[in-house]
Structures are given as C-alpha cells and as structure tokens.
Amino acid sequence: MSEASKYPVNLLDTPFPMRGDLAKREPGFLQKWQDQGIYQQLRIKAKAENRPSFLLHDGPPYANGKIHIGHAVNKILKDIIIKSKSLSGFDAPYIPGWDCHGLPIEHQIEKLVKSDKQAIADSPTIHARIVEYRKANGLDPKATHLPASFIRELCRDYAAIQIERQKADFIRLGVLGDWDNPYLTMAFKTEADIVRTLGQVNANGYLVRGQKPVHWCVDCGSALAEAEVEYEDKVSPAIDVAFRVLDTAALTKAFGGIDLDDQAAYAVIWTTTPWTLPANQAVCVHPELTYDLITTEKGLLILGRDLAESALQRYGVDANEVIAQTKGANLEHLQLQHPFYDRTVPIILGEHVTTEAGTGLVHTAPAHGLDDYHVGMRYHLPTDNPVGNDGRFLAYVELFAGKSVWEANPLVLETLANNGVLLSSEKLKHSYPHCWRHKTPIIFRATSQWFVGMDHKSKSGKTLREQANKAVEDTQFFPAWGRARLEAMIGNRPDWCVSRQRNWGVPMTFFVHKETGELHPNSQVLLEQIALRIEKEGIEAWFKLDAAEFLGADAAHYDKLKDTLDVWFDSGSTHFAVLKSRGLPWPADLYLEGSDQHRGWFQSSLLTGCATTGRAPFNQLLTHGFVVDGQGLKMSKSKGNVIVPQEVIGEMGADMLRLWTASTDYSGELYVSKEILKRTADAYRRIRNTLRFLLANVSDFDASQNSMAVEDLLTLDRYALAQLAEFQQKITALYEKYEFHIAVQEIHAYCSDELGAFYLDVIKDRLYTTQAGSAARRSAQTALWHITQALVRLLAPILSFTAHEAWEVLGNADNVFLDRWHVIPPVADAAALAQSFSAIRAVRAVVQKEIEVQRTDGKLGSSLQAEVLITAPADTITELVKLGDDLKFVMITSKVSMNTGDELSINVTASTAQKCERCWHYRDDVGSHAEHPTLCGRCVDNVVGNGEVRTHA
C-alpha cells in the first residue's frame, strides 16, 4: 500500500470541469432557462416581494440584417445592468424592442421587386410571394409598379423574419428578457400609440408646417428617398461668382482695420448649380478657416487662404497681393449684394464649408440643399423655392420664369457675365444624383413638410428647446461628458422635420384644408378615432380610409395627408407606446445606447417626451463607444478586421464575449481582436479555476449541518469573511455606478490575489490535512461556502452561463437570477482583523520574496522547507504573535521564530528536520511514532488520533 493511500488527505473533486467548453454547453443552459421560464418566474417573484422598480427601456435595433459586434455589446451591457439590479432587489423587467418601419426595409423590398440576386438569396420567401402576386394578378413577370398596400404587406413580413433572426442571436448572448412579448413599432397597438403621441405633440402646439429641400425627380413628379438615388457622371458648369461687399467699414473692421480706400471688394463663391442662384439667400464661410483679402485687377477678392492660388489661376490673375487675413468668424453678418437681384444677402458661418474645392465660400440657397437648409434655419433665412413640381421656374421668378432648371443654366451665366461678376466658367465632369427609375438628373427643391418646432411656444408658454434644455439639466449622464454633447445638440439643432414621403411608415393621420393648409379643427377627436381603428387593422386602416367616412360633406374641402412619420419619431415615441401602454414605470430609469444616439434615439425620445409631458422620458442616460479593432481602426470586410459575434460564440462561448464587454471601458472606443479575446480567455480561466477550487472544497460541506458560528471561526477565516464583505460591497457599488470594467478588475484581483495568492494558499494545508469533520476544517469551509455563494452571485450579471453552472453544482434551489446578493454574516472584530492582517501580510510578502531568492539560488526546494527568523519593530511583532504557532501556516513555512529589532529583516534557512510524507512539512517529530515512521506528530494525530487543534490559521 502506498503512503498516499495509507495516509489519505482530503482531496475532493467537483463536477464543475476545469474546461468550460462554453460553446457546446451554453445552449443547454439556455434551454433550461427557457423551460423553467426564469424571466417569468422573476417577474412573479418580484411582484410577490413588492420590490421597488428599475426600468431600462430598450432602444430598438433596426429589423434588418444580422447583428454585429456593436449590437452584442449593447445588449450585453443592458443585460448586466438588468441582472445586477434584480440581484440588488429591484423589479427590473426588460422588454426588448425592434424598429420596424422606414426606408431600409422598403428599399430591400424594392430590390426584391427588381429581382436583385443577393436580396433574393437573403429573402427567398418574400421574393416567392412577389412572383406569385404577379402571376395571380396577370402582371408582367418583371413588373415593378406593385400596389402600395402589397408593398407594405411585404415590408411587414420582411421585418418579422429579420426580427426572429436577430432575436435568436440576442437570446444566445444569455440576455434575459420578455422575448415572447417584445415590442415592435409595427405592432398595431404600437402604431396606434405612435399616432396618439403625434396627436399630443400637435395638441401642445409644437407641430408646424414648413418647407424643407428634398431629392426631387422631375420625371417622377415626386420626392425621392436616399435609396432611390443613384450617382452617375454628369457634366455641369462650374462657375466663380463675385458678390459685392456693401459695407466697406464693416469689411475694414473684419480684416483688422486695414485702410481699403473705398475699393470695390467681393466675396467669391464657386458652384456647379448656377440654376440655384435665384434662390441664394447667403454666402457661408467656415468660422475657423483663414480668409485672404487679395488686391487684383478685378477688385479686392475674399478667398479662402488654402484655395486662393488655384482660384486666381482660374481667373487668369497674375498680379495680386494679400493685404490682410482674418478668420471666417470675423466675416459673419457682412452684407453682400446678390449678383443679379435687388437683394442683400449676409455672410454666415457653417461647419460644412471645406477646402476640398472652390473658394472656401459657399453659395447658400436653403431651398436647394440640406446643408444650406440647416444652416439657414439657424440664421432664420427664408426657404423660398422658386422651382415648381415640373422643374420649371415659377411665373413670378424674374429673368427665368417658365424655364426649366437646365434651360436656366446658360441664362444665369449670361446674366452674370453681363453684370461683370462671372470670374470663371468651366465644364466639370462629376458624380451627380440621378433617379434610379428614370436614370435622369434630379434636383434639390424645398417642399412642404411637417416639423416639431424647437422655438415655438406651447400652451404652457415655454419653447420645446427650453423644456429640452431643462430636461438635459435634470438627467444623470454616464459618462458625464454626455451632458455637454447633448446640450450642444439641443442648443444648435433646427426644427425637427418629422414628415416623410414614404410608403412603409406610420401615417400622419391628419386632414388638411385644401385652401388654407390648416388642420381640421376637430383633429384631436378624429385622430383618436383613427388610432382605435389602427389598433385593430394596423396602419393600413389609414391608407385605405375614405375621408368622407369621418368628415362627411367636409371631405370635399380636405386632403388626407399622405406623409408618413420619420422613423426616429416611431422609436422616440416608445416611452409612451410601450412603457405607459404596458403599465410600466414612467419615466424610465435608464436609456442605454451607443454614442451616436445623442443625435438619434436619445434626442428623439427627449423631444417627444418634452413635447408631450414637459420632461424627458428617462432619468439617466448611459452611452457606450463604438467597437474598433485592436489598432483602433473601424471594422470593415475589406480590411479583414471584422469580429463577428456569432463566430466568437461558436468558438469561445457567449460568456467570453460577455466578459470582454464587461472588462472594456465602454466610455470610449471598445477595442477587440483575436489577441484581445485570447487575453480575455486567460482572465476567464483564472476565475473559473478559482470557482473550481471553491466548489471542490465545499463539495462535502452541508451548510445547514456543518456551518460554524462566526465567533467560533478561526481568526484567518473571520478575516476572510470580513474581506469578503468589503469585496462584495465594492463590487455591488461598481454595478450601481455602471463601472463594469473596474468590477471585472476587482473580481480578477480578488480571485488572483486575495484568494489564490493568500487565503486559499494558506488554508490548503488545513483543508487537506486536518480531519474531515474537524472544527479547523469546518471553519475554513464555512468561510469558503460564503465566499462561493457571494462570488457566484457577483459573477452572474457578467458570466451568466458560468454562474448558472456553478449554482447548480452548489445545489442551490431555483436559479441564481432569482436570488439576491449573498447575505454575509457580520464579523464583530472586522476592523481589528483588517489592521492586524495588514501588518502580517506585509511581512509575509517580504518572507515570500526572500524564500523565492533562496529557491532560485538552489538553497531551498519548496517554501515548506524554510525556517524563518523574523526581526521586526515591536508593533509589528505584536501583530505577528497574535497568530501564535499558527503563524507558520500563514507564512507557508515549517517554522517561524521572531526577534524585536528596529527594522524588518528576514533570515531564511533550510530546515534540517525530516519531511512529513503526508503534509510535506519539515518537523523534528517526523518518525516519533513507531507505527507511522513517515508522519509528523500532527499528521499522526489527524490520521489516528483526535485531530489537531487550530486557533488562528
């Protein structure tokens, strides 16, 4: 019989394997959660316990395409918060949602209608329906003009398919939520509530009608969406036009007081759309660019410094001199003369001005360009559109009435030349937008649109901008810089254009008077009646509605609006359409999305909230950055640096993706690569190995039978419990502050340093060598049981699958997600223990360092071979002697002696005693028992006697 089998130690095993094999085993855990209805159980339990609520409202991803790594980060962060709040004792439901209307889906259907091969491969069933519809209705097999109602039907079906695909991937991430009852913006009830939100915005006085430029196809006679626009080469006239400066004194001041001697001065613009000059209302410069004032034979010219040389070459000017320079900001409000109309136009400032081409000064016609329109809104410029639906100038337009925009181009050049302000004219071949149907050039022209007015006073007397600014002030931001960003966006944003000329969207359910353009005086009552019908039939109820059914004879005087809502209004209204309609708490405690949503969902939700209720629909906003590769580069297929979440899960498991997400500081860009994920796997192994050790060493421990009272525990075990309480308090506080990357660091440090490098290292001797049921071992196991129970719960929000697995091995009832943070018994002398062990561990670190030196030099084989003499100041010795003879176990040496001295010094020598074959300690009493010649005295006592007594360690 071997010595190992003759004198066994307490080496226990656990069904918790060393290798997680997460990719293969996680689906089984997921299935258990679904079979057991964990999410539903949690809702029932929270209600029974009357828990306080915490609501994170899900920003809906768009129902199109596979999820990417950014989606995974977003959903994992939300899940960490929801689970940590549940474990903290909150009722924290999670209702996932999807944004379903809008152009991307409509465009996918258009591609299917046109038999795009890739679109058919992605959505064969939808394409099959299109083919069948054509056959059933006797249409040409290639017919593209299908009824709008059928297109909407296809859009709805397409969105439903995409949602199911994305849902499966989100669930696979381990995200708990009401997946059987998510919110969809295309659900009939939600569509009706979006309409109701619009009605409330109107009732409060914020909905106004105005003009906004859109892509316009003259051949179609309609506005085009971005997806209906193709870019092809076109030859256009590229011209430089001089706008005369009207106020020489103001110009002198702008350029630092230089004497201009009443010389004629001109601000020079460059444009490839001469036909838009009749609508010119301003000249735009960049506030930070430098502008030269140059003397030439053509007069004083204002040109962007970086473009002046090339511009002067175009003008054929050789003799010139820069007489002054200034920043664009100094030119603001300088008054100019329109080149052919009796109109004064100002110089304004815009960030869209570049130095890529032209002069650095941009001709601005708010009726003919989005940048022009947005900057014009800030300066309250008129959006007068002189071009009709047929692409011809209206009758009142001087010089060009009745001419098409293309016919007007040469006439504009002739007029400019006659006025002496055409400095250059060339032909330029460039990329230009065309209609995808007619393959003809399109134009930008302002059309009537509906806006949520930022500076219109409501019935309360406050503007929406004022209310939004107050709401931002009242919101808590994570990270804090989000406040300034949203404040700036609210402060500078123009009115919100909420109308769209699309087919697949929530309709603006208003009747507009044909002559006055006013909404029907009974709009609010009518809107509610229509919303009730939409609840039953969906948005199709509006599109097929006969106005006479609601208006009677008045229908002859009113038009039924054909516009649909901006999809940002859809998602921005879900705080009402989902939270209030489902009886959930309002406002939400938290909105969490990517940093781009300051411009998107955060802002649309803020504005709809303020426009309907006077406040934001959230109390907190959390922003995460974008995911980039290991070098900080944006991911792209062409670079080959894309990390696909489905592939990571298939190879490493979702818990690895969750751990990477949690361990990354989301306040900036999130770096990910295969190497980074490999390091994440290393960190995971440290945590898993710690769990495995804990689970193995409590596998024969029944807490109901074997636990010891805290006051009866050994000193070291009481200290471990005190440290555990401090650790748990730290981690839960970090969860509360959403500082997950720090929480992961602290968890890893606890497993590696507090447990692996100290507590577990010290108690291995006691766990393995003392009698299985002894007080010494049960004391350690009591502490270990609490540590395991606490650690599994603390890991659950992040490593959900691993925590579930460990929870089952522990034999705990129910599911870890149905529980709360572990209740750690208080340690009365926690403060005194912390002070003592701070000194003891400091000495231990020096002892271990000196032992390692001796081992490196070949003087020692192991730490237990060492005999240590510690010389230390009296106050340190006072702490060390508190452990008595158990100090050697803390130092993991066979013997420790002490002297008092002025400074700490360590003397390590190799023991000359024999090594015990069972505990591996070097002791003088090895062989003192004739029947057990290879054992030390304490092992003999532990094997055949009453067992050794431990007091401290």
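## Strand S6 and its partners

S6 and strand S12 (residues 335–337) pair in the antiparallel sense, over two bridges. Val245 has Leu336 in S12 as its bridge partner. This is a predicted model.

One of the pairs here is Val241 with Leu422 in S15. S6 also pairs with strand S7 (residues 265–271), through six bridges and again antiparallel. In that pairing, Ile239 stands opposite Thr271 of S7. Strands of a sheet pair through backbone hydrogen bonds, either parallel or antiparallel.

## A three-stranded open sheet

Another part of the model holds an open sheet of three strands. The order is S28-S27-S29, and the pairing is mixed. Strand S28 (895–900) and strand S29 (905–910) are the edge strands, each pairing on one side only. Neighbouring strands of this sheet are turned by 15 degrees against each other on average, direction ignored.

Strand S27 spans residues 866–872 and is joined to S29 by six bridges. S27 and S29 run antiparallel. Thr871 has Ser905 of S29 as its bridge partner. Helix H30 (residues 830–856) lies across S27 and S29. H30 runs at about 40 degrees to S29.

## Helices H26 and H28

Helix H26 (residues 715–736) packs with helix H28 (residues 775–795). Their axes are 9 Å apart, at an angle of about 5 degrees. H26 is therefore roughly parallel to H28, as angles under 35 degrees count as roughly parallel.

Which residues of H26 meet H28? They are Asp717, Leu721, Leu724, Phe727, Gln728, Ile731, Thr732 and Tyr735. On the H28 side, the residues are Ser779, Ala780, Ala783, His786, Ile787, Ala790, Leu791 and Leu794. By class, this contact has 11 nonpolar, four polar and one charged residues.

## Cavities

How many cavities of 30 Å³ or more does a search of the whole structure find? It finds three. Rolling a probe the size of a water molecule over the atoms shows where empty space is left.

The largest cavity holds about 50 Å³ of space. Its lining consists of Tyr39, Leu42, Arg43, Ile82, Lys83, Ser86, Ala92, Leu176 and Phe817. Helix H3 (38–48) and helix H4 (69–87) are the elements that give two or more residues to this lining. By class, the lining of the largest cavity has six nonpolar, one polar and two charged residues.

## The second largest cavity

About 40 Å³ of space lies in the second largest cavity. Tyr719, Ala720, Gln723, Tyr750, Glu754, Leu755, Phe758, Tyr759 and Ile787 line this cavity. H26 and helix H27 (740–769) are the elements that give two or more residues to the lining. H27 gives the most, with five residues. The lining of the second largest cavity divides into seven nonpolar, one polar and one charged residues.

Ile787 links two parts of this report. Ile787 is one of the H28 residues that meet H26, and Ile787 also lines the second largest cavity.

Technical notes:
Residues are numbered from 1 along each chain as its sequence is written. This is a predicted model: local features need pLDDT of at least 70, side-chain atom pairs count only at pLDDT 80 or more; totals for chains, interfaces and linings use all residues. Side-chain values use heavy atoms; hydrogens and water are left out. Two strands pair if DSSP finds at least two bridges between them. Helices (H or I, at least four residues) and strands (E, at least two) are DSSP runs, numbered from the N terminus. Axes are lines fitted to C-alpha atoms, for helices over the stretch in contact, and angles run from 0 to 180 degrees between N-to-C directions. Contact means heavy atoms within 4.5 Å. Angles under 35 degrees count as roughly parallel, over 145 as roughly antiparallel, 65 to 115 as roughly perpendicular and the rest as oblique. Ala, Val, Leu, Ile, Met, Phe, Trp, Tyr, Cys and Pro count as nonpolar, Asp, Glu, Lys and Arg as charged, and the others, Gly among them, as polar. On a 1 Å grid over the protein atoms alone, a cavity is a set of points where a 1.4 Å probe fits but cannot get out, and a pocket is an open set with protein on both sides within 12 Å along at least five of seven lines; lining residues have an atom within 4 Å of a point. Grid points are joined across faces, edges and corners, and a volume is the space filled by probe spheres set on the points.
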